[in-house]
Amino acid sequence: MAFELTSTAFPPGGSIPRRHTCDGDDVSPPLAWKDVPPGTKSLALVCDDPDAPAGTWVHWVVWAVPASASGLPEGVPPSATLPDGSRQGRNDFKRTGWGGPCPPRGGPHRYFFRLSAVDRTIDLPAGATRAELDRTLEGHTLGRTELMGRYARQ
């Protein structure tokens, strides 16, 4: 079995619904995963847009997700710490939590949701950045899976 990340909101490579973007309600999409690698102590998620005009734009950073979790619900609140102990970082909108797709008008952008299985509990303070998370994950990632969705503004 392969470590897998899915969403009921959009298929792999499909269009992210407006509801999950700055043009809609700007709520995070529901995510589910399965077959977490053995030895996983926690999970970390990053969502970014490599097609942004200024370079890769970070939309969401979440870590310390319990290894026993099987997903994140739609509309994760923008709290620094979630009820299960997960922590959210600062995105490139300079806000904590999810910041939905908001590309300039034109062709579709790709949004990569990357989930990492980690061999330890990540002890970063809430509000940390993706760069800080990436440094913490070095040498501690047991597996990674990704889901890509697209969004274009009309």
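**Reading burial, contacts, sheet and cores**

Author: Ser-7 counts as buried because its relative accessibility is 12%; buried means under 20% relative accessible area, exposed over 50%, partly exposed in between (1.4 Å probe, protein chains only). This is a predicted model, in which local features need pLDDT of at least 70, side-chain atom pairs count only at pLDDT 80 or more, and totals for chains, interfaces and linings use all residues. Residues are numbered from 1 along each chain as its sequence is written, and side-chain values use heavy atoms, with hydrogens and water left out.

Reader: Which polar atoms lie by the side chain of Ser-7?

Author: A polar contact is a pair of N or O atoms within 3.5 Å; within protein, one must be able to donate a hydrogen and the other to accept it, and residues adjacent in sequence count only if both atoms are side-chain atoms. A polar atom of the Ser-7 side chain lies 2.6 Å from the backbone oxygen of Pro-30 and 3.0 Å from the backbone nitrogen of Ala-9. Ser-7 is in the loop between strand 1 (4–6) and strand 2 (31–34); strands (E, at least two residues) are DSSP runs, numbered from the N terminus.

Reader: In what order do the strands of the open sheet stand?

Author: Strands of a sheet pair through backbone hydrogen bonds, either parallel or antiparallel. Here 3 strands form an open sheet in the order 1-2-5, with antiparallel pairing; two strands pair if DSSP finds at least two bridges between them. Strand 1 and strand 5 (71–72) are at the edges with a single partner strand each, so one side of each has no neighbour in the sheet. Strand 2 and strand 5 are joined by 2 bridges, and Leu-31 has Leu-72 as its bridge partner in strand 5.

Reader: How many residues are in the largest nonpolar core?

Author: In soluble globular proteins, nonpolar side chains tend to be buried together. A nonpolar core is a set of buried Ala, Val, Leu, Ile, Met, Phe, Trp, Tyr and Cys residues joined through side-chain atoms within 4.5 Å. The largest one has 23 residues, and Leu-5, Trp-33, Leu-45, Trp-60 and Phe-113 have the most contacts inside it. Strand 7 gives the most to this core, with 4 residues. A second, separate core has 12 residues, including Val-46 and Trp-63.

Reader: Is His-59 buried or exposed?

Author: His-59, in strand 4 (residues 57–66), counts as buried because its relative accessibility is 2%. Its side chain has a polar atom 2.6 Å from the backbone oxygen of Gly-99 and reaches the backbone oxygen of Gly-100 at 3.4 Å.
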